[in-house]
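Here is a quick tour for anyone meeting this structure for the first time. Have a look at it, then read on.

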Amino acid sequence: MKTQYSRRGALSRLGGAIAGLLTLSAARTVKAAVQKVFVASGAPKDYDTTKHKWLMCIDVNKCIGCGLCVEACKKENGVPEGPYFRTWIERYVIPKPEPGSGQTRGETLVDSPNGGMHGFPPTPVPKDQIEHSFFVPKLCNLCEHSPCVQVCPVGATFDAPDGAVLIDPKYCIGCGFCIQACPYGCRFLSPVTKTAEKCTLCYHRITRGLKPACVEICPTQARIFGDLKNAGPDAPIRKFYENNRVSVLKPHLGTEPRLLYAGLDKEVR
Amino acid sequence: MRRFKLPPQILRLVLLTLAIVGSYLIARAFLTPASFGEFGWYRGEALVELRSRPPVYAGKQACDECHSDQLQKLAKFEHQTLSCEACHGVSREHADNPDVLPVKLTGSHCIRCHEANPSRPKWFKQIVVRDHYSGKCTECHVPHQPSQTP
(Lines give C-alpha, C1' and ligand atoms only; values in the text may rest on other atoms or scores of the structure.)
Protein backbone atom coordinates (compact mmCIF):
# COMPACT_ATOMS: atom_id res chain seq x y z
CA MET A 1 0.00 0.00 0.00
CA LYS A 2 1.30 3.42 -0.90
CA THR A 3 2.09 5.69 2.06
CA GLN A 4 -0.11 8.75 2.25
CA TYR A 5 1.63 12.04 2.97
CA SER A 6 -0.46 14.96 4.12
CA ARG A 7 0.47 18.55 4.88
CA ARG A 8 -1.17 18.28 8.31
CA GLY A 9 0.84 15.16 9.17
CA ALA A 10 4.15 16.66 8.01
CA LEU A 11 3.58 19.89 9.95
CA SER A 12 2.66 18.06 13.14
CA ARG A 13 5.75 15.84 12.84
CA LEU A 14 7.94 18.92 12.33
CA GLY A 15 6.33 20.56 15.37
CA GLY A 16 6.95 17.42 17.41
CA ALA A 17 10.61 17.34 16.38
CA ILE A 18 11.14 20.99 17.40
CA ALA A 19 9.38 20.41 20.73
CA GLY A 20 11.57 17.36 21.34
CA LEU A 21 14.71 19.31 20.53
CA LEU A 22 13.73 22.10 22.92
CA THR A 23 12.99 19.62 25.73
CA LEU A 24 16.30 17.85 25.11
CA SER A 25 18.31 21.07 25.18
CA ALA A 26 16.53 22.25 28.33
CA ALA A 27 17.36 18.93 29.98
CA ARG A 28 21.02 19.29 28.90
CA THR A 29 21.22 22.80 30.33
CA VAL A 30 19.86 21.58 33.68
CA LYS A 31 22.27 18.63 33.65
CA ALA A 32 25.22 20.96 32.90
CA ALA A 33 24.21 23.28 35.74
CA VAL A 34 23.97 20.36 38.17
CA GLN A 35 27.29 18.95 36.92
CA LYS A 36 28.99 22.32 37.34
CA VAL A 37 28.13 22.32 41.04
CA PHE A 38 29.64 18.87 41.58
CA VAL A 39 32.59 18.95 39.18
CA ALA A 40 33.80 22.37 40.29
CA SER A 41 33.83 21.29 43.94
CA GLY A 42 37.20 19.51 43.48
CA ALA A 43 38.82 22.34 41.53
CA PRO A 44 40.68 25.19 43.18
CA LYS A 45 38.32 28.19 43.06
CA ASP A 46 40.73 31.07 43.64
CA TYR A 47 42.61 30.45 40.39
CA ASP A 48 42.26 33.15 37.72
CA THR A 49 43.53 31.95 34.33
CA THR A 50 44.12 35.47 33.05
CA LYS A 51 46.53 36.41 35.85
CA HIS A 52 49.25 33.89 35.02
CA LYS A 53 51.61 33.13 32.15
CA TRP A 54 53.46 29.87 32.61
CA LEU A 55 56.95 29.25 31.31
CA MET A 56 59.27 26.24 31.38
CA CYS A 57 63.05 26.38 31.09
CA ILE A 58 65.41 23.42 30.64
CA ASP A 59 69.13 23.47 31.32
CA VAL A 60 70.55 20.68 29.13
CA ASN A 61 73.90 20.83 31.00
CA LYS A 62 72.15 19.68 34.17
CA CYS A 63 70.17 16.73 32.79
CA ILE A 64 71.65 13.41 33.92
CA GLY A 65 69.17 11.20 32.06
CA CYS A 66 67.89 9.41 35.16
CA GLY A 67 64.35 9.20 33.76
CA LEU A 68 62.64 10.20 37.01
CA CYS A 69 60.68 12.93 35.20
CA VAL A 70 59.31 10.48 32.63
CA GLU A 71 58.27 8.09 35.38
CA ALA A 72 56.73 10.89 37.46
CA CYS A 73 54.78 12.18 34.45
CA LYS A 74 53.38 8.72 33.73
CA LYS A 75 52.29 8.24 37.34
CA GLU A 76 50.91 11.74 37.81
CA ASN A 77 48.85 11.81 34.63
CA GLY A 78 47.99 8.14 34.17
CA VAL A 79 49.73 8.04 30.80
CA PRO A 80 49.09 4.60 29.20
CA GLU A 81 51.78 1.91 29.30
CA GLY A 82 53.87 1.52 26.17
CA PRO A 83 55.28 4.08 23.74
CA TYR A 84 53.16 6.98 24.95
CA PHE A 85 54.84 9.95 26.59
CA ARG A 86 53.94 13.47 27.60
CA THR A 87 57.59 14.09 28.37
CA TRP A 88 60.58 12.01 27.40
CA ILE A 89 64.39 12.16 27.31
CA GLU A 90 66.46 11.88 24.15
CA ARG A 91 70.13 10.88 24.19
CA TYR A 92 72.36 12.51 21.60
CA VAL A 93 75.68 10.90 20.75
CA ILE A 94 77.91 12.87 18.37
CA PRO A 95 81.00 10.81 17.41
CA LYS A 96 84.36 12.30 16.43
CA PRO A 97 84.85 12.69 12.66
CA GLU A 98 86.75 10.02 10.78
CA PRO A 99 90.35 11.18 10.28
CA GLY A 100 90.81 12.78 6.87
CA SER A 101 87.05 12.96 6.17
CA GLY A 102 87.12 16.77 6.19
CA GLN A 103 84.06 16.94 8.43
CA THR A 104 83.62 18.69 11.74
CA ARG A 105 81.90 15.75 13.43
CA GLY A 106 80.52 12.29 12.78
CA GLU A 107 76.89 11.42 12.18
CA THR A 108 74.68 12.15 15.20
CA LEU A 109 72.92 9.21 16.84
CA VAL A 110 69.68 9.87 18.76
CA ASP A 111 67.81 7.33 20.84
CA SER A 112 65.18 7.27 23.54
CA PRO A 113 64.50 3.68 24.66
CA ASN A 114 61.09 3.66 26.38
CA GLY A 115 61.32 7.44 26.63
CA GLY A 116 64.38 7.13 28.84
CA MET A 117 62.14 6.03 31.70
CA HIS A 118 64.40 3.16 32.79
CA GLY A 119 67.74 4.71 31.89
CA PHE A 120 69.82 4.18 28.79
CA PRO A 121 71.84 1.18 27.49
CA PRO A 122 75.60 1.64 26.90
CA THR A 123 76.37 4.14 24.15
CA PRO A 124 76.49 2.64 20.63
CA VAL A 125 79.90 4.32 20.13
CA PRO A 126 82.91 3.57 22.42
CA LYS A 127 83.63 6.29 24.95
CA ASP A 128 86.91 7.44 23.42
CA GLN A 129 85.26 8.05 20.03
CA ILE A 130 82.52 10.33 21.40
CA GLU A 131 82.96 14.04 20.83
CA HIS A 132 79.79 15.16 22.61
CA SER A 133 77.02 13.25 24.29
CA PHE A 134 74.15 14.68 26.29
CA PHE A 135 70.52 14.22 27.26
CA VAL A 136 67.67 16.47 26.12
CA PRO A 137 64.34 16.35 27.97
CA LYS A 138 61.39 17.07 25.69
CA LEU A 139 57.78 18.02 26.27
CA CYS A 140 55.10 20.37 24.91
CA ASN A 141 56.85 23.50 23.63
CA LEU A 142 54.02 25.82 24.80
CA CYS A 143 53.90 27.63 21.46
CA GLU A 144 52.60 31.17 21.31
CA HIS A 145 51.28 30.37 17.81
CA SER A 146 50.38 26.69 18.21
CA PRO A 147 49.98 24.75 14.95
CA CYS A 148 48.05 22.05 16.84
CA VAL A 149 45.37 24.52 17.93
CA GLN A 150 44.98 25.96 14.44
CA VAL A 151 44.11 22.59 12.87
CA CYS A 152 41.58 21.30 15.42
CA PRO A 153 38.23 21.12 13.61
CA VAL A 154 36.00 21.03 16.70
CA GLY A 155 37.60 23.49 19.13
CA ALA A 156 38.79 20.71 21.44
CA THR A 157 42.37 21.96 21.79
CA PHE A 158 43.14 25.51 22.74
CA ASP A 159 45.62 28.00 24.13
CA ALA A 160 44.46 28.76 27.66
CA PRO A 161 44.86 32.42 28.70
CA ASP A 162 47.63 31.35 31.11
CA GLY A 163 49.72 29.91 28.27
CA ALA A 164 49.03 26.19 28.70
CA VAL A 165 48.01 24.37 25.52
CA LEU A 166 45.24 22.02 26.60
CA ILE A 167 42.82 19.42 25.24
CA ASP A 168 39.15 19.18 26.17
CA PRO A 169 38.77 15.38 26.42
CA LYS A 170 34.98 15.63 26.09
CA TYR A 171 35.19 17.52 22.80
CA CYS A 172 38.10 15.71 21.14
CA ILE A 173 36.90 13.42 18.36
CA GLY A 174 40.30 11.70 17.96
CA CYS A 175 40.81 12.73 14.33
CA GLY A 176 44.58 13.06 14.86
CA PHE A 177 45.06 16.32 12.90
CA CYS A 178 46.83 17.93 15.87
CA ILE A 179 49.18 14.95 16.21
CA GLN A 180 50.36 15.50 12.65
CA ALA A 181 50.47 19.27 13.04
CA CYS A 182 52.72 19.36 16.13
CA PRO A 183 56.26 19.95 14.81
CA TYR A 184 57.75 18.65 18.06
CA GLY A 185 55.91 15.31 18.20
CA CYS A 186 54.46 16.09 21.60
CA ARG A 187 51.00 14.58 21.09
CA PHE A 188 49.71 11.04 20.86
CA LEU A 189 46.39 9.27 20.44
CA SER A 190 45.59 7.51 23.70
CA PRO A 191 44.67 3.86 23.22
CA VAL A 192 42.51 4.12 26.36
CA THR A 193 40.39 7.21 25.75
CA LYS A 194 40.83 7.29 21.94
CA THR A 195 41.42 11.02 22.18
CA ALA A 196 44.56 13.09 21.65
CA GLU A 197 46.66 13.60 24.76
CA LYS A 198 49.59 15.85 25.58
CA CYS A 199 51.47 17.59 28.36
CA THR A 200 49.07 19.82 30.30
CA LEU A 201 51.89 21.33 32.38
CA CYS A 202 50.18 19.29 35.15
CA TYR A 203 47.32 21.79 35.05
CA HIS A 204 45.72 20.26 38.15
CA ARG A 205 48.97 20.85 40.07
CA ILE A 206 50.03 24.33 38.92
CA THR A 207 46.54 25.73 39.62
CA ARG A 208 46.96 24.51 43.22
CA GLY A 209 50.35 26.21 43.61
CA LEU A 210 52.37 23.02 43.10
CA LYS A 211 55.07 22.48 40.52
CA PRO A 212 54.48 20.11 37.57
CA ALA A 213 55.43 16.53 38.53
CA CYS A 214 58.53 16.46 36.29
CA VAL A 215 59.84 19.73 37.76
CA GLU A 216 59.08 18.58 41.30
CA ILE A 217 60.96 15.31 40.86
CA CYS A 218 64.01 16.45 38.83
CA PRO A 219 67.02 15.79 41.12
CA THR A 220 69.37 18.33 39.48
CA GLN A 221 66.86 21.13 38.84
CA ALA A 222 67.43 20.84 35.12
CA ARG A 223 63.79 21.88 34.70
CA ILE A 224 62.73 25.28 35.93
CA PHE A 225 59.12 26.36 36.00
CA GLY A 226 57.63 29.75 36.71
CA ASP A 227 54.96 32.36 36.19
CA LEU A 228 56.03 35.27 33.98
CA LYS A 229 53.28 37.56 35.27
CA ASN A 230 54.20 37.04 38.94
CA ALA A 231 57.98 36.59 38.75
CA GLY A 232 59.94 38.66 41.25
CA PRO A 233 63.60 39.54 40.64
CA ASP A 234 64.70 36.44 42.61
CA ALA A 235 62.37 34.01 40.84
CA PRO A 236 64.18 30.94 39.41
CA ILE A 237 63.05 31.79 35.86
CA ARG A 238 64.57 35.29 36.16
CA LYS A 239 67.85 33.77 37.42
CA PHE A 240 67.75 31.30 34.54
CA TYR A 241 67.46 34.18 32.05
CA GLU A 242 70.28 36.10 33.72
CA ASN A 243 72.69 33.17 33.86
CA ASN A 244 72.04 31.58 30.46
CA ARG A 245 71.69 32.33 26.78
CA VAL A 246 68.44 30.66 25.82
CA SER A 247 67.20 29.14 22.60
CA VAL A 248 64.10 27.32 21.40
CA LEU A 249 63.53 24.31 19.17
CA LYS A 250 62.81 24.90 15.45
CA PRO A 251 62.73 28.70 15.64
CA HIS A 252 62.32 28.93 11.83
CA LEU A 253 58.73 27.66 12.14
CA GLY A 254 57.64 30.84 13.91
CA THR A 255 55.78 28.98 16.64
CA GLU A 256 57.52 31.05 19.34
CA PRO A 257 57.73 28.36 22.04
CA ARG A 258 57.73 29.27 25.71
CA LEU A 259 59.82 26.17 26.43
CA LEU A 260 63.33 27.61 26.62
CA TYR A 261 66.54 25.62 26.48
CA ALA A 262 70.02 26.53 27.69
CA GLY A 263 73.06 24.73 26.30
CA LEU A 264 71.48 23.26 23.18
CA ASP A 265 73.62 21.85 20.38
CA LYS A 266 72.71 22.57 16.75
CA GLU A 267 71.91 18.88 16.20
CA VAL A 268 68.92 19.06 18.55
CA ARG A 269 65.65 19.64 16.74
CA MET B 1 -0.89 49.69 -13.35
CA ARG B 2 -0.41 46.18 -12.13
CA ARG B 3 1.03 45.64 -8.66
CA PHE B 4 4.19 43.44 -8.59
CA LYS B 5 3.47 40.11 -7.01
CA LEU B 6 6.09 37.60 -5.92
CA PRO B 7 5.52 34.33 -7.80
CA PRO B 8 4.25 31.66 -5.36
CA GLN B 9 7.09 29.22 -6.06
CA ILE B 10 9.69 31.89 -5.17
CA LEU B 11 7.75 32.80 -2.04
CA ARG B 12 7.79 29.14 -0.96
CA LEU B 13 11.53 28.92 -1.53
CA VAL B 14 12.15 32.07 0.52
CA LEU B 15 9.99 30.78 3.38
CA LEU B 16 11.68 27.37 3.28
CA THR B 17 15.16 28.96 3.38
CA LEU B 18 14.15 31.16 6.31
CA ALA B 19 12.72 28.14 8.14
CA ILE B 20 15.91 26.09 7.62
CA VAL B 21 18.26 28.92 8.64
CA GLY B 22 16.02 29.79 11.60
CA SER B 23 15.83 26.24 12.90
CA TYR B 24 19.63 25.94 12.53
CA LEU B 25 20.15 29.09 14.57
CA ILE B 26 17.70 27.94 17.26
CA ALA B 27 19.30 24.48 17.43
CA ARG B 28 22.79 26.01 17.64
CA ALA B 29 21.78 28.37 20.44
CA PHE B 30 20.46 25.46 22.48
CA LEU B 31 23.07 22.81 21.68
CA THR B 32 26.24 24.91 22.15
CA PRO B 33 27.61 24.47 25.69
CA ALA B 34 27.08 27.53 27.86
CA SER B 35 30.79 28.15 28.44
CA PHE B 36 31.78 27.79 24.77
CA GLY B 37 33.47 31.03 23.71
CA GLU B 38 34.11 32.25 27.25
CA PHE B 39 37.85 32.66 26.54
CA GLY B 40 38.05 31.61 22.89
CA TRP B 41 36.77 29.03 20.48
CA TYR B 42 36.54 26.27 23.11
CA ARG B 43 34.58 25.25 26.19
CA GLY B 44 35.69 27.45 29.09
CA GLU B 45 34.35 24.83 31.48
CA ALA B 46 37.08 22.45 30.23
CA LEU B 47 39.65 24.51 32.18
CA VAL B 48 37.78 23.82 35.42
CA GLU B 49 37.39 20.13 34.60
CA LEU B 50 41.10 19.78 33.81
CA ARG B 51 42.17 21.27 37.11
CA SER B 52 39.70 19.32 39.25
CA ARG B 53 41.81 16.11 39.20
CA PRO B 54 43.65 15.48 42.50
CA PRO B 55 47.47 15.54 42.32
CA VAL B 56 49.38 12.25 42.71
CA TYR B 57 52.72 13.57 43.99
CA ALA B 58 52.36 15.42 47.30
CA GLY B 59 55.27 17.81 46.75
CA LYS B 60 58.06 19.01 49.04
CA GLN B 61 55.78 21.58 50.73
CA ALA B 62 53.55 18.80 52.04
CA CYS B 63 56.58 16.97 53.51
CA ASP B 64 57.69 20.24 55.15
CA GLU B 65 54.49 20.39 57.22
CA CYS B 66 55.61 17.50 59.46
CA HIS B 67 59.26 16.80 58.58
CA SER B 68 60.55 20.38 58.61
CA ASP B 69 63.51 19.31 60.82
CA GLN B 70 64.67 16.87 58.14
CA LEU B 71 64.18 19.42 55.38
CA GLN B 72 66.15 22.09 57.23
CA LYS B 73 69.04 19.65 57.58
CA LEU B 74 68.73 18.57 53.96
CA ALA B 75 68.92 22.21 52.81
CA LYS B 76 72.60 22.28 53.85
CA PHE B 77 73.45 18.86 52.39
CA GLU B 78 74.65 17.84 48.96
CA HIS B 79 71.30 16.31 48.08
CA GLN B 80 69.48 19.61 48.76
CA THR B 81 68.06 19.88 45.23
CA LEU B 82 66.31 16.53 45.45
CA SER B 83 62.59 16.28 46.06
CA CYS B 84 61.72 13.89 48.90
CA GLU B 85 59.55 11.84 46.56
CA ALA B 86 62.44 11.35 44.11
CA CYS B 87 63.89 8.70 46.46
CA HIS B 88 61.08 7.99 48.95
CA GLY B 89 58.46 7.41 46.25
CA VAL B 90 54.94 8.78 45.75
CA SER B 91 53.78 9.79 49.23
CA ARG B 92 50.43 11.53 48.73
CA GLU B 93 48.51 8.94 50.73
CA HIS B 94 51.03 9.30 53.53
CA ALA B 95 50.73 13.11 53.39
CA ASP B 96 46.92 12.95 53.62
CA ASN B 97 46.98 10.35 56.39
CA PRO B 98 50.24 9.92 58.37
CA ASP B 99 49.12 6.44 59.51
CA VAL B 100 49.62 5.16 55.97
CA LEU B 101 53.36 4.55 55.77
CA PRO B 102 55.16 5.60 52.57
CA VAL B 103 56.46 2.92 50.22
CA LYS B 104 59.59 1.29 51.66
CA LEU B 105 62.83 2.06 49.83
CA THR B 106 64.41 -0.68 47.75
CA GLY B 107 68.10 -0.48 46.61
CA SER B 108 69.37 0.77 43.22
CA HIS B 109 68.20 4.35 43.89
CA CYS B 110 71.75 5.70 44.02
CA ILE B 111 72.85 3.86 40.87
CA ARG B 112 69.97 5.21 38.84
CA CYS B 113 71.66 8.62 38.84
CA HIS B 114 75.28 7.92 39.79
CA GLU B 115 76.26 5.00 37.51
CA ALA B 116 78.95 6.29 35.13
CA ASN B 117 77.63 7.18 31.69
CA PRO B 118 79.53 9.14 29.01
CA SER B 119 76.35 11.08 28.21
CA ARG B 120 76.10 12.48 31.75
CA PRO B 121 77.58 15.94 32.33
CA LYS B 122 81.18 16.03 33.58
CA TRP B 123 80.37 17.96 36.80
CA PHE B 124 78.05 15.20 37.99
CA LYS B 125 79.55 12.66 40.43
CA GLN B 126 79.61 9.22 38.82
CA ILE B 127 81.03 5.82 39.67
CA VAL B 128 81.54 2.60 37.78
CA VAL B 129 79.65 0.37 40.20
CA ARG B 130 81.62 -2.77 39.20
CA ASP B 131 84.95 -1.14 40.17
CA HIS B 132 83.63 0.89 43.11
CA TYR B 133 82.22 -1.47 45.76
CA SER B 134 80.10 -4.59 45.78
CA GLY B 135 78.21 -3.98 49.04
CA LYS B 136 75.45 -1.58 49.94
CA CYS B 137 75.86 2.16 49.28
CA THR B 138 74.53 3.00 52.76
CA GLU B 139 77.44 1.11 54.38
CA CYS B 140 79.69 4.09 53.55
CA HIS B 141 77.32 6.94 52.56
CA VAL B 142 74.52 8.76 54.40
CA PRO B 143 71.76 9.08 51.78
CA HIS B 144 70.90 12.70 52.65
CA GLN B 145 74.58 13.73 52.61
CA PRO B 146 76.67 11.16 50.72
CA SER B 147 80.07 12.64 51.73
CA GLN B 148 79.29 11.68 55.35
CA THR B 149 79.89 8.17 56.66
CA PRO B 150 77.31 6.69 59.03
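## Getting to know chain A

Let's start with how much of the chain is tucked away: of the 269 residues of chain A, 36% count as buried. Keep in mind that this is a predicted model. Chain A is built with seven helices and eleven strands. Its radius of gyration is 24 Å, well over the 18 Å that the globule rule gives for 269 residues, so chain A is more spread out than a compact globule. Along its principal axes, the C-alpha trace of chain A spans about 90 × 55 × 35 Å. And if you take the contacts in chain A with a separation of 6 or more, 62% come from residues 24 or more positions apart.

### A covered strand

Now zoom in on strand E1 of chain A, residues 54-59. Is E1(A) mostly covered or mostly open? Mostly covered: six of its six residues are buried. In a regular strand the side chains alternate between the two faces of the sheet. For E1(A), both faces are covered, with A:Trp54, A:Met56 and A:Ile58 buried on one side and A:Leu55, A:Cys57 and A:Asp59 buried on the other.

Strand E9(A), residues 223-227, pairs with it in the antiparallel sense, while E11(A), residues 259-262, runs parallel to E1(A). A:Met56 has a bridge partner in each: A:Phe225 in E9(A) and A:Leu259 in E11(A).

Here are those pairings, along with one from the sheet described next:

| Strand pair | Sense | Bridges |
|---|---|---|
| E1(A) and E9(A) | antiparallel | five bridges |
| E1(A) and E11(A) | parallel | four bridges |
| E2(A) and E3(A) | antiparallel | three bridges |

### A three-stranded sheet

There's also an open sheet of three strands in chain A, in the order E3-E2-E4, with antiparallel pairing. E3(A), residues 109-111, and E4(A) are the edge strands, each pairing on one side only. On average, neighbouring strands of this sheet are turned by 15 degrees against each other, direction ignored.

### Meeting chain B

How many residues of chain A are in contact with chain B? The count is 51, and they touch 37 residues of chain B. Several elements of chain A each supply at least two residues of that side, among them helix H2 (68-77), strand E2 (88-95) and strand E4 (130-138). H1(A) gives the most, with five residues. By class, this side of chain A has 27 nonpolar, 14 polar and ten charged residues.

Notes:
Residues are numbered from 1 along each chain as its sequence is written. Chains are lettered from A and ligands numbered from 1 in the order in which they are written. This is a predicted model: local features need pLDDT of at least 70, side-chain atom pairs count only at pLDDT 80 or more; totals for chains, interfaces and linings use all residues. Two residues are in contact if their C-beta atoms, placed from the backbone, lie within 7 Å. Ala, Val, Leu, Ile, Met, Phe, Trp, Tyr, Cys and Pro count as nonpolar, Asp, Glu, Lys and Arg as charged, and the others, Gly among them, as polar. A residue is buried if 20 or more other C-beta atoms lie within 10 Å of its own, exposed if 12 or fewer, and partly exposed in between; C-beta atoms are placed from the backbone. Two strands pair if DSSP finds at least two bridges between them. Axes are lines fitted to C-alpha atoms, for helices over the stretch in contact, and angles run from 0 to 180 degrees between N-to-C directions. The radius of gyration is taken over C-alpha atoms; the globule rule is 2.2 Å times the number of residues to the power 0.38.
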